Amino acid sequence: LADQRNLPAKLINGGVAGIVGVTCVFPIDLAKTRLQNQRQGQQVYKSMIDCLIKTVRSEGYFGMYRELIKNNFNFFLTVQNPLFLTL
């Protein structure tokens, strides 16, 4: 019975931890995606660091987090939804 009362707090804490993790890794994932999407002979970025520097210069610091809110919302729904369905 005590575990059932703590379940909402555990779900919220898990969701928040996931969002923090995604937020920390998001710029690295953005650079990885941009590097992978380059075409042969049309390379804009030389390395991951070069990609991050050029992104900050052209789009500003928050350019690295452009899709973050949508991504975090989707993350929270997909991770937490199956848990709510099993209750």
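A residue is called buried when its relative accessible area is under 20%, exposed when it is over 50%, and partly exposed in between, using a 1.4 Å probe and protein chains only. The model is predicted, so local features need pLDDT of at least 70 and side-chain atom pairs count only at pLDDT 80 or more, while totals for chains, interfaces and linings use all residues. Residues are numbered from 1 along each chain as its sequence is written, and side-chain values use heavy atoms, with hydrogens and water left out.

Beyond its neighbours within four places in sequence, Ala31 is in contact (heavy atoms within 4.5 Å) with Met48, Cys51 and Leu52.

The whole structure holds four salt bridges, each a side-chain nitrogen of Lys or Arg within 4 Å of a carboxyl oxygen of Asp or Glu. One of them joins Lys32 to Asp29 at 3.5 Å, N to O; these residues lie three apart in helix H1, about one helical turn, and Asp29 is partly exposed at 33%. In helix H2, Lys54 and Asp50 are four residues apart and form a salt bridge at 3.4 Å, N to O, where Lys54 is partly exposed at 32% but Asp50 is buried at 17%. Finally, Arg34, Glu59 and Arg66 are linked in a network of salt bridges.

Key:
Helices (H or I, at least four residues) and strands (E, at least two) are DSSP runs, numbered from the N terminus.
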